[in-house]
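Visitor: Could you walk me through this model, one feature at a time?
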Amino acid sequence: DNLNIEAKHFCGDCSQYFCDKCLISHAKIHKFHVVLGRKDVDKWVGQGDALVTCDLHPPKVLELMSEDHDELCYSLTVNHRSISSISDLAKGIHKMADFKQLPANVTKVAASLIQVSEARKKNQNSLKTSCKSMLTKVKSWRCSLNQLLDELEKGTVEQIDSVLVDLDGLLQKDIDHCDFIYDQLKVLLDTVQAQCKESSSFIGYR
């Protein structure tokens, strides 16, 4: 339907790329074809017509080169005014010094990529080690804080218990003293009220 959807599968037998939707139709027709998924995308490179197929207009084959945009295309469009035929430009390419130097240049770039990858792996390992170390320190700090809090709690509880005992004893002493005086007053009142002589009542009253 002239839609340009990212390919997620490649069929080596058909030398074609497929999105998820188109793969269903392909699987119905070609049940025994070997289809590679995105996890094997490194095996896609250079397969089938991928090298000569126009990325913007699949499955058109690249035939022209736009000198204005330095791009490969399959036909003349309004976006490409100055173009040349790829077949003309490709004449004698195998004898060109730059083409002969291509393997060495690719090897050099590949070596650089490996160096960058190894450096990133070292950084990755260093990052994991640092994070692990920090987590260990955090746990250690947590244990220390817990120990300090336990000691603080223990000391506070002991102080509170000690203050409770002292103050509770003083309060109980006052309660007992009040009860004692109350009993004395009650006995004295009963005694005074029971006296018949005025002199005895006066003495008790005073």
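Guide: Let us begin with strand pairing. Strands of a sheet pair through backbone hydrogen bonds, either parallel or antiparallel. In this predicted model, strand β4 (residues 64-66) and β6 run antiparallel and are joined by three bridges. Two strands count as paired if DSSP finds at least two bridges between them. Strands (E, at least two residues) and helices (H or I, at least four) are DSSP runs, numbered from the N terminus.

Visitor: Which residue of β6 is the bridge partner of M65?

Guide: S84 is the bridge partner of M65. The open sheet has three strands in the order β5-β4-β6, with antiparallel pairing. Because β5 (71-73) and β6 (83-85) stand at the edges with a single partner strand each, one side of each has no neighbour in the sheet. From one strand to the next, the twist averages 30°; axes here are lines fitted to C-alpha atoms, for helices over the stretch in contact, with angles from 0 to 180 degrees between N-to-C directions.

Visitor: How many helices and strands does the protein have, and how do the elements run from the N terminus on?

Guide: The protein has five helices and six strands. Its elements follow the order β-β-α-β-β-β-β-α-α-α-α from the N terminus.

Visitor: What basis do the numbering and the values have?

Guide: Residues are numbered from 1 along each chain as its sequence is written, and side-chain values use heavy atoms, leaving out hydrogens and water. As the model is predicted, local features need pLDDT of at least 70 and side-chain atom pairs count only at pLDDT 80 or more, while totals for chains, interfaces and linings use all residues.

Visitor: Now burial, please. Is F18 buried or exposed?

Guide: The classes are buried under 20% relative accessible area, exposed over 50%, and partly exposed in between (1.4 Å probe, protein chains only). F18, in strand β2 (residues 16-18), counts as buried at 14% relative accessibility. Of the 206 residues of the protein, 9% count as buried.

Visitor: Which residues is F18 in contact with, leaving aside its neighbours within four places in sequence?

Guide: Contact means heavy atoms within 4.5 Å. On that basis F18 touches A7, K8, H9, C11, L23 and H26. E6 is twelve residues from F18 in sequence, and their C-alpha atoms are 8.1 Å apart.

Visitor: How many salt bridges does the structure hold?

Guide: First the idea: side chains of opposite charge can pair when their charged atoms come close. The cut-off puts a side-chain nitrogen of Lys or Arg within 4 Å of a carboxyl oxygen of Asp or Glu. The structure holds three such salt bridges. One of them pairs D20 with K8 at 3.6 Å, N to O. D20 lies in helix α1 (residues 20-29) and K8 in the segment before β1 (9-11), so this pair ties together parts twelve residues apart in sequence. D20 is partly exposed, at 41%, and K8 is partly exposed too, at 37%.

Visitor: What about E118 and K121?

Guide: Their closest N and O atoms are 3.9 Å apart in a salt bridge. E118 and K121 are three residues apart in helix α4 (residues 102-194), a separation of about one helical turn. There is also a salt bridge between D88 and K91, with the closest N and O atoms 3.8 Å apart; K91 counts as exposed at 62% relative accessibility.

Visitor: And how many disulfides are there?

Guide: A disulfide is a covalent bond between the sulfur atoms of two cysteines. With the criterion of two cysteine sulfur atoms within 2.5 Å, the structure holds zero disulfides. C14 is in none, and the nearest cysteine sulfur, that of C11, lies 3.6 Å away.
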